[in-house]
Amino acid sequence: MENWLGLLRLRVRRGINLAIRDTRSSYPRAVVTMAGQKLKTRVINDTCNPEWNDELTLSITDINVPINLAVYDRDTFTADDKMGEAEIDIRPYVECLRMGLENLPTGTVITRVPPSRTNCLSDESCCVWDNGRILQDMFLRLRNVECGEIEVQIEWINSGNEFLNEHFNNVTFQCADVTSPNLDISPDSVDLIFSNCLLMHLSDKKVENLGERMVQWLTVGGFLFLRESSSHQPGDSQGKNNPTHPREPRFYTRVFKECSTYDDLGNSFELSLMNFKCVVPHFCRSIGYVKMSIHGMTRFEQLLDNVQYKCQDILRYERVFGEGFVSPGGLETKKEFVSKLELKPGQKVLDVGCGIGRTEFYMAEHFDVEVVGIDLSII
């Protein structure tokens, strides 16, 4: 439905002191209309104080359009007699929804709507927090009739996230095919690209083409984060219509390593692998890249200084890999591979990409060698 915003549940609870349209009573029912929709409650026989407790669901396309509620006395042989009408303004209720409230105590009053000449309220109406939802109870005074009120309640039961969060003016949505050459994203305009289980639905060729375009979109020093399924076919392995393409991680590392782009000055740029993680229980893999200049390492140095080797990140690595280590394996792994080097006292060792130097200190202490460590970042 065009401009669909969500669904609203209208509970028509009861009528109070409705007008008499037969000899001594009435057979009332409520009819609700809004933007081409028409819904009805049950008919309650022989009463001017009917208890309907019926729930009607309306599709909302414009919050400025009121809900019209009319009450009729059912007649068998003639047209139903009208017993009054009222309008329900949902705008105050929607304003409460858009506040984005969470975890309020049940019974908290969010807003109060007083009766006035511009609405049909016979008493103050409150929007109230109730166990994670917002409800608004109303007593409506019927118009164009000698007497009568209707008690109703409204509750939003479904909506698009964009509608409820439109107060965030720094978020926009676009319906588009990211693989289409017609998708217009300016070069060097995006600091982070996040792709969640998209590539498994694309052919190898489309993944390669998309990778080339992603490099163009990223700023120098910008990040690309991929989250993809494992090499196992999801779903029923016997299915014949499964459109996914399960791949080994080496496919993605090869494709994105080969991606490159050039600016107007002829400088070239490529993606450098930052991290790789496999979540075995869920068969998911995450891969992170950073866009860097091939001819200049300044951006990569900034990356190491500001991300990889920040104090808080080093402490986090040490909690995982052991004190003094920022890479998998820790001390036991270092001991194992260094022992295989058959180092002799007085030998000179050059470690390229030494990180924070834990391996260098270990070799110097236990093997009495002279060690030089080289790294882009000054730790």
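A quick definition before we start: two residues are in contact when they have heavy atoms within 4.5 Å of each other.

1. **What you are looking at.** This is a predicted model, in which local features need pLDDT of at least 70 and side-chain atom pairs count only at pLDDT 80 or more, while totals for chains, interfaces and linings use all residues. Residues are numbered from 1 along each chain as its sequence is written, and side-chain values use heavy atoms, with hydrogens and water left out.

2. **The overall picture.** The protein has eight helices and 17 strands; these are DSSP runs numbered from the N terminus, with helices being H or I of at least four residues and strands being E of at least two. Of its 379 residues, 38% are buried. Here buried means under 20% relative accessible area, exposed means over 50%, and partly exposed is in between, using a 1.4 Å probe and protein chains only. Among contacts with a separation of 6 or more, 58% are between residues 24 or more positions apart. The protein exposes about 22500 Å², of which carbon and sulfur atoms supply 49%; the areas come from the Shrake-Rupley method with a 1.4 Å probe, and for residues only the protein chains shown count as cover.

3. You will find Arg29 in strand S2 (residues 28-34). Its relative accessibility is 19%, so Arg29 counts as buried. Leaving aside neighbours within four places in sequence, Arg29 is in contact with Lys40, Thr41, Arg42, Val43, Trp52, Ala70, Val71, Tyr72 and Asp80. With Asp80 there is also a side-chain to side-chain polar contact at 3.0 Å. A polar contact is a pair of N or O atoms within 3.5 Å; within protein, one must be able to donate a hydrogen and the other to accept it, and residues adjacent in sequence count only if both atoms are side-chain atoms.

4. Side chains of opposite charge can pair when their charged atoms come close. A salt bridge here is a side-chain nitrogen of Lys or Arg within 4 Å of a carboxyl oxygen of Asp or Glu, and the count comes to 19. Glu155 and Arg9 form one of them, at 3.5 Å from N to O. Glu155 lies in strand S10 and Arg9 in strand S1 (residues 6-16), so this pair ties together parts 146 residues apart in sequence. Glu151 and Arg13 form a salt bridge with their closest N and O atoms 3.5 Å apart. Glu151 is in strand S10 and Arg13 in strand S1, so that pair ties together parts 138 residues apart. Glu155 is buried at 7%, and Glu151 is buried at 11%. Arg9 is partly exposed at 21%, as is Arg13 at 25%.

5. Arg9, Arg11, Glu55, Asp130, Arg133 and Glu155 are linked in a network of salt bridges. Asp130 and Arg133 meet in a salt bridge at 3.0 Å, N to O. Arg133 is partly exposed, with a relative accessible area of 33%.

6. **Two loop residues.** Asn119 lies in the loop between strand S7 (109-113) and strand S8 (125-130). A polar atom of the Asn119 side chain lies 3.0 Å from the backbone nitrogen of Ser116, and the side chain also reaches the backbone nitrogen of Leu121 at 3.1 Å. Leu142 sits in the loop between strand S9 (133-141) and strand S10 (149-159), and counts as buried at 5% relative accessibility.

7. **Aromatic pairs.** The structure holds three aromatic pairs. Phe194 and Phe225 are stacked, at 5.5 Å centre to centre with 15 degrees between the planes. Rings of Phe, Tyr and Trp (its six-membered ring) pair if their centres lie within 6.5 Å; planes under 30 degrees apart count as stacked, over 60 as edge-to-face and the rest as tilted. Phe251 and Tyr252 have ring centres 5.3 Å apart and planes at 80 degrees, so they are edge-to-face.

8. **A nonpolar patch on the surface.** Leu350, Val352, Val372 and Ile374 form a nonpolar surface patch with about 370 Å² of accessible area together. Patches are made of residues with over 30% relative accessible area and no salt bridge, like charges being joined within 9 Å and nonpolar side chains (Val, Leu, Ile, Met, Phe, Trp, Tyr) within 5 Å. Strands S16 (348-352) and S17 (370-374) each supply at least two of the patch residues.
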